[in-house]
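This briefing describes a single protein chain for a computational reader.

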Amino acid sequence: MRSAKASKPGGPVRGSRTGRPMMAALDLLGQRWTLRVIWELQQEPAGFRELRRRADTMSSSVLADRLRRLVEAGIIVTDAQGRYALTDLGQGLGPALEPLKTWAEQWAATRALQPEEPR
C-alpha cells in the first residue's frame with residue numbers, strides 16, 4: 001500500500017526518488033479524483049457535502065483524503081465558512097492545464113476518425 005505522505009517536490013514520489021517538481025506534480029495530480037476536486041473548486045468554493053454531491057460516485061473517505069492532500073500541497077484552503085477554495089497556486093492550475101486540454105481534444109478528434117483496431 002502506498003504511503004499516506006503528501007506528494008511534494010524534493011522528496012520521493014511515484015516514479016521519482018529525487019522528487020523533481022514535475023514528477024511530484026504528476027504524482028499529486030495523477031491520484032484518482034484529484035483533478036475532479038480541483039475542477040469542482042474552479043467553479044466555486046464548496047463544503048465537503050457539496051463536493052461529495054457533485055462528485056457522483058467518489059467515496060467520502062477518498063474525498064477526505066484528496067482534500068487533505070491538496071491542503072497539504074497548498075492547492076486549496078478552507079475558508080471561514082468551512083468551504084474549500086483554491087489558493088492562488090491552485091487557481092494557476094487552470095491555465096497550466098489548458099494546453100493539455102487542447103491536446104486531449106485534438107487526440108480525441110484524431111482517434112474518432114480512426115477505425116477500431118481488431119483485438
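What percentage of the 119 residues of the protein chain count as buried? The share is 30%. The model under discussion is predicted, and the points below are grouped by topic.

**Overall architecture**

- The protein chain contains six helices and two strands.
- Read from the N terminus, the order of these elements is α-α-α-α-β-β-α-α.
- Taking contacts between residues at least 6 apart in sequence, 40% join residues at least 24 apart.

**Helix H4 and its surroundings**

- Helix H4 spans residues 60–72 and comprises 13 residues.
- From the first C-alpha of H4 to its last, the helix reaches 18 Å, close to the 18 Å expected at 1.5 Å a residue.
- The buried residues of H4 are Leu 63, Leu 67 and Leu 70, together with Asp 65, Arg 66 and Arg 69.
- Helices contribute to the cover over these buried residues, including H1 (21–29), H2 (34–43) and H3 (48–54).
- Strands S1 (76–78) and S2 (84–86) are also included in what covers the buried residues of H4.
- Gly 74, which lies just after H4, adopts a positive phi of about 80°.

- One aromatic pair is found when the whole structure is searched.
- That aromatic pair is formed by Trp 103 and Trp 107 and is stacked, with 5.4 Å centre to centre and 15° between the planes.
- The pair counts as stacked because its planes are under 30 degrees apart, the angle here being 15°.
- Trp 103 and Trp 107 both belong to helix H6 (residues 93–113), and because they are four residues apart there, about one helical turn separates them.

**Exposure around the pair**

- Are the two tryptophans buried, partly exposed or exposed?
- Trp 103 is partly exposed, its relative accessible area being 46%.
- Trp 107 is likewise partly exposed, with a relative accessible area of 49%.
- Both Trp 103 and Trp 107 belong to a nonpolar patch on the surface that also contains Leu 100.
- Together, the residues of this patch have about 370 Å² of accessible area.
- Leu 100 is located in helix H6, the helix that also holds Trp 103 and Trp 107.

Definitions and conventions:
Residues are numbered from 1 along each chain as its sequence is written. This is a predicted model: local features need pLDDT of at least 70, side-chain atom pairs count only at pLDDT 80 or more; totals for chains, interfaces and linings use all residues. Side-chain values use heavy atoms; hydrogens and water are left out. The expected span of a helix is 1.5 Å times one less than its number of residues. Buried means under 20% relative accessible area, exposed over 50%, partly exposed in between (1.4 Å probe, protein chains only). Contact means heavy atoms within 4.5 Å. Rings of Phe, Tyr and Trp (its six-membered ring) pair if their centres lie within 6.5 Å; planes under 30 degrees apart count as stacked, over 60 as edge-to-face and the rest as tilted. Patches are made of residues with over 30% relative accessible area and no salt bridge: like charges are joined within 9 Å, nonpolar side chains (Val, Leu, Ile, Met, Phe, Trp, Tyr) within 5 Å. Accessible areas come from the Shrake-Rupley method with a 1.4 Å probe; for residues, only the protein chains shown count as cover. A salt bridge is a side-chain nitrogen of Lys or Arg within 4 Å of a carboxyl oxygen of Asp or Glu.
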